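Please find below a note on the structure, arranged as numbered points.

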Amino acid sequence: MKRFDGRPAVDDVTFDVPAGSVLGLLGPNGAGKTTTFLCLSGLLRPDGGTIAFGERTLGPERGRTISLIPETPECFPMLTVWEHLLFVARSVDLPNGWQQRGAALLERFGLGEVRDVLGRSLSKGMRQKTLIAATVLAGAPVLLFDEPMIGLDPRAQRELRELIRTLAGEGRAVLLSTHQIETAEALCDRVSIMKAGRTIAGGAPGDLRGAAGERSLEEAFLEITA
Ligand SMILES: Nc1ncnc2c1ncn2[C@@H]1O[C@H](COP(=O)(O)OP(=O)(O)OP(=O)(O)O)[C@@H](O)[C@H]1O
Ligand SMILES: [Mg+2]
C-alpha cells in the first residue's frame, strides 16, 4: 500500500513471481505499476504490506535483492558506458571475470562502439541499454523492468526479449510492466492486471484469453479493465 497526499495509489496489490519465470504487470495509465516497482525496489517507502523473497521478509535494504530498471533511464553524465559497468561491479563487489560478461552485454546491445562515450553524450535508447547492461551485470535475483521496450529500436527490443528469457532461464525472477499486449503474450509466463491500485486479474496469458481461446489477450485486457 502506498499513499500520496493521503490518496492511495497502490492498495491491495498481490502477486508472486517464482524464480525462473517472467510476470507481466499490465494496467491502464495511472494504475500504479511504477509506484509498485518503486516500492518493491526500495526507492519508495510503502505505507503497508509485505515484500518477501522466498521465506524472508525484505526491509529497506532490498535493493540488493530487487533491482529496478526505471521507465526514464538516467545515466551518470560524467561516466562512460564502460564506467557504468565498473561502478556497478565495484559497488556490489563482483568477483573478477565480470569484465567478459559486461563486454558481452554491451555487444549484445550494440554498445561496443560507444563503450568510452560519456553518459551525457548518449541517445535515450543508448542510456537505457547502458542501464539494462549495468543492472543485469549486478546480478540481483529479482529484476524489475518498467516499460522496458519503449524507446528501443526493433533489434534492441528483440535482444531484450531474448535477454529476459535468458535471465529467467538462469533462475532469476523477472517482473515487467508493459502496455504492449504482444510483448506480454510473447514473453510472460503469467500476467497480473492492475487497475486503480488493485490487482484485478491474473493468470497465464492463455487462461485470460478464455478456456476456448475465444478472445484475444487484448480483448481480455480491455474487458477486464473496463
Ligand atoms: N510522486 C507522486 N506524487 C503524487 N501522486 C503520484 C506520484 N506518483 C504517482 N502518483 C499517482 O499514483 C497513481 C499511480 O501512478 P503510477 O505512476 O504508479 O501509474 P502507472 O501504472 O505506472 O501508469 P503509466 O502506465 O502511465 O506509467 C496515479 O494516480 C498517479 O497520479
Ligand atoms: Mg508507469
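How are α2 and α4 oriented to each other, roughly parallel or roughly antiparallel?

1. Helix α2 (residues 81-91) and helix α4 (residues 124-138) pack with their axes 9 Å apart, at an angle of about 25°. The two helices are therefore roughly parallel to each other. Angles under 35 degrees count as roughly parallel, over 145 as roughly antiparallel, 65 to 115 as roughly perpendicular and the rest as oblique. The axes are lines fitted to C-alpha atoms, for helices over the stretch in contact, and the angles run from 0 to 180 degrees between N-to-C directions. Helices (H or I, at least four residues) and strands (E, at least two) are DSSP runs, numbered from the N terminus.

2. This is a predicted model, in which local features need pLDDT of at least 70 and side-chain atom pairs count only at pLDDT 80 or more, while totals for chains, interfaces and linings use all residues. Residues are numbered from 1 along each chain as its sequence is written, and chains are lettered from A and ligands numbered from 1 in the order in which they are written.

3. The crossing of α2 and α4 is right-handed; a crossing is right-handed if the near helix is turned clockwise from the far one by less than a right angle, and left-handed if anticlockwise. On the α2 side the contact is made by Val 81, His 84, Leu 85, Val 88 and Ala 89, and on the α4 side by Thr 130, Ala 133, Ala 134, Leu 137 and Ala 138. Two residues are in contact if their C-beta atoms, placed from the backbone, lie within 7 Å. By class, the contact of α2 with α4 has 8 nonpolar, 2 polar and no charged residues. Here Ala, Val, Leu, Ile, Met, Phe, Trp, Tyr, Cys and Pro count as nonpolar, Asp, Glu, Lys and Arg as charged, and the others, Gly among them, as polar.

4. Helix α3 (residues 98-108) also packs with α4: the axes come within 10 Å and cross at roughly 150°. These helices are therefore roughly antiparallel to each other, and the crossing of α3 and α4 is right-handed. From α3 the contact draws on Trp 98, Arg 101, Gly 102, Leu 105 and Leu 106, and from α4 on Ala 133, Val 136 and Leu 137. The contact of α3 with α4 divides into 6 nonpolar, 1 polar and 1 charged residues.

5. Leu 106, which lies in helix α3, is buried, with 23 other C-beta atoms within 10 Å. A residue is buried if 20 or more other C-beta atoms lie within 10 Å of its own, exposed if 12 or fewer, and partly exposed in between, with C-beta atoms placed from the backbone. Not counting residues up to four places away in sequence, Leu 106 touches Val 81, Leu 111, Gly 112, Arg 115 and Ala 133. Leu 106 and Val 81 are 25 residues apart in sequence, and their C-alpha atoms are 8.8 Å apart in space.

6. In α1, 8 of its 8 residues are buried. Gly 42, whose phi is positive, near 90°, follows α1.

7. Two residues deserve a check of their backbone angles. Most residues other than glycine have a negative phi. Asp 5, although not a glycine, has a positive phi of about 50°; Asp 5 is found in the loop between β1 (2-4) and β2 (7-10) and counts as exposed, with 5 C-beta neighbours inside 10 Å. Ala 196 has a positive phi of about 45° and lies in the loop between β9 (190-195) and β10 (198-203). Ala 196 is partly exposed, with 16 other C-beta atoms within 10 Å.

8. Pro 205 is found in helix α7 (residues 205-208) and counts as buried, with 20 C-beta neighbours inside 10 Å. Among the residues that Pro 205 touches are Ala 184, Cys 188 and Leu 217.
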